[in-house]
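Here's a quick tour for anyone meeting this structure for the first time. Have a look at the sequence and the fold, then read on.

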Amino acid sequence: MPTGPVVFILNPAAGRGSAESRFQQLLPRLGRVPFQVVRTSAPREGTLLARAAVQEGAGIVVACGGDGTVGEVASGLMGSEAALALLPLGTGNDLARHLGLFDPKTAIDSLLSGETKPLDAVRWQIGEEEGSFVNVAGAGFDAFVADRINTGFRYLRGTSAYVAAVIDTLRMFKACEMTVTVDGRSHRVKAMLCAIANASSYGGGMRISPNSDSGDGLLEVVLIQEVSHLEFLRTFPKVFDGKHLGHPAVKVVQGRSVLIESTRPIPVLCDGELEGITPAQFRVVPSALKVVARL
């Protein structure tokens with residue numbers, strides 16, 4: 001069990017602005033556990049606050065928000081002895097879902113247990129920018145969907161928001177020629193999207209890579225090749241239980257390093273945040289973090 005104080009890093013804007021009130025409702029479950037709460041007020045601030053918490057001797061740093069908040073906090077903890085914990089208060093909460101911590105009360109109970117397990121991270125380079133993520137990255141259709149959610153559908157949450165954005169995005173979307181190089185071996189495809197999965201789901205419960213193990217030192221590269229819009233809509237519901245993997249247009253490759261190149265620039269998202277356009281490089285960092293596990 002990690003030693004040192006518990007620091008909650010809360011993103012009040014998470015969950016369409018509901019995170020603060022939900023956090024206050026959960027506080028009584030902590031009992032007499034000493035803790036500190038700091039709040040983000042700007043993008044990327046979660047990383048800086050996590051680094052500051054480590055410097056002040058935190059034993060557990062809790063990311064309170066959605067997958068974007070988790071990604072920021074995790075980036076600030078890499079290479080430290082502090083453990084990452086999750087309190088899912090965001091829209092998608094997909095890493096929490098993968099770890100069995102989707103219910104906030106379960107997440108609090110797990111935090112109190114203090115049990116941890118290894119969690120891989122993924123370093124990325126997109127253009128001149130560099131960073132890391134812990135859940136799933138995507139290039140192509142899924143990144144366009146994320147952008148659509150960020151600019152609209154703010155009256156919807158979770159799965160409803162993603163489904164609405166998928167339908168709206170598909171009207172204008174065209175597949176793109178990609179070259180995806182995994183551990184030095186190139187795959188040239190005309191694809192709808194390429195997902196780089198450290199964990200199993202994104203987009204509010206879409207199990208894009210149901211077999212992913214976030215502690216095995218490997219990435220699952222999921223390529224969805226070009227299909228008609230009608231076929232895409234017909235198959236899309238299967239992603240919520242992972243059954244899309246049986247479709248002939250879906251290809252899965254495992255590896256430790258990935259390079260995505262495309263004939264036209266396409267957006268790339270990491271842990272739900274748009275980070276730039278292709279080309280993009282990814283490299284797994286095995287056991288980069290300790291994450292508080294489910295009881």
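Of the 295 residues in the protein chain, 56% count as buried, where buried means under 20% relative accessible area, exposed means over 50%, and partly exposed is in between (1.4 Å probe, protein chains only). Keep in mind that this is a predicted model: local features need pLDDT of at least 70, side-chain atom pairs count only at pLDDT 80 or more, and totals for chains, interfaces and linings use all residues. Residues are numbered from 1 along each chain as its sequence is written, and side-chain values use heavy atoms, with hydrogens and water left out.

**The big picture**

- The protein chain has 9 helices and 15 strands; helices (H or I, at least four residues) and strands (E, at least two) are DSSP runs, numbered from the N terminus.
- The radius of gyration of the protein chain is 18 Å, which agrees with the value near 19 Å that a compact globule of 295 residues would have. That radius is taken over C-alpha atoms, and the globule rule is 2.2 Å times the number of residues to the power 0.38.
- Along its principal axes, the C-alpha trace of the protein chain spans about 55 × 40 × 35 Å.
- Take the contacts in the protein chain between residues at least 6 apart in sequence: 72% of them join residues at least 24 apart. Contact here means heavy atoms within 4.5 Å.

**Helix H4**

- The buried residues of H4 include Asp67, Glu72, Ser75 and Leu77.
- Just after H4, glycine 79 takes a positive phi of about 85°.

**Strands that pair up**

- Strand E5 (residues 116-126) and strand E15 (residues 280-292) run antiparallel and are joined by 10 bridges; two strands pair if DSSP finds at least two bridges between them.
- Valine 122 has valine 284 as its bridge partner in E15.
- E15 also pairs with strand E12 (residues 257-262), in the antiparallel sense over 4 bridges. Serine 257 has arginine 283 as its bridge partner in E15.
- E5 pairs with E6 too, again in the antiparallel sense, over 5 bridges. Isoleucine 126 has glutamate 129 as its bridge partner in E6.
- The hairpin of E5 and E6 has 2 residues between the strands, and glycine 127 takes a positive phi near 65° there.

- Serine 132 lies in strand E6 (residues 129-133). Serine 132 counts as buried because its relative accessibility is 12%.
- Which side chain makes a polar contact with the side chain of serine 132? The side chain of serine 75 does, at 2.7 Å. A polar contact is a pair of N or O atoms within 3.5 Å; within protein, one must be able to donate a hydrogen and the other to accept it, and residues adjacent in sequence count only if both atoms are side-chain atoms.
- Not counting residues up to four places away in sequence, serine 132 touches Ser75, Met78, Val122, Arg123 and Trp124.
- Tryptophan 124 lies in strand E5, and at 5% relative accessibility it counts as buried.
- Leaving out residues up to four places away in sequence, tryptophan 124 touches a set of residues that includes Ser132, Phe133, Cys270 and Phe282.
- Serine 214 lies in the loop between strand E9 (185-197) and strand E10 (219-225). Serine 214 is buried, with a relative accessible area of 5%.
- Neighbours within four places in sequence aside, serine 214 is in contact with His98, Leu99, Pro118, Leu119, Asp120 and Asn198.

**Aromatic rings**

- A search of the whole structure finds 8 aromatic pairs. Rings of Phe, Tyr and Trp (its six-membered ring) pair if their centres lie within 6.5 Å; planes under 30 degrees apart count as stacked, over 60 as edge-to-face and the rest as tilted.
- One of the pairs is phenylalanine 232 with phenylalanine 236, stacked at 6.2 Å centre to centre with 20° between the planes. Both of these residues are buried.
- Phenylalanine 236 and phenylalanine 240 have ring centres 5.5 Å apart and planes at 80°, so that pair is edge-to-face. Phenylalanine 240 counts as partly exposed, at 27% relative accessibility.
- Ring pairs link Phe141, Phe144, Phe173, Phe232, Phe236 and Phe240 into a cluster.
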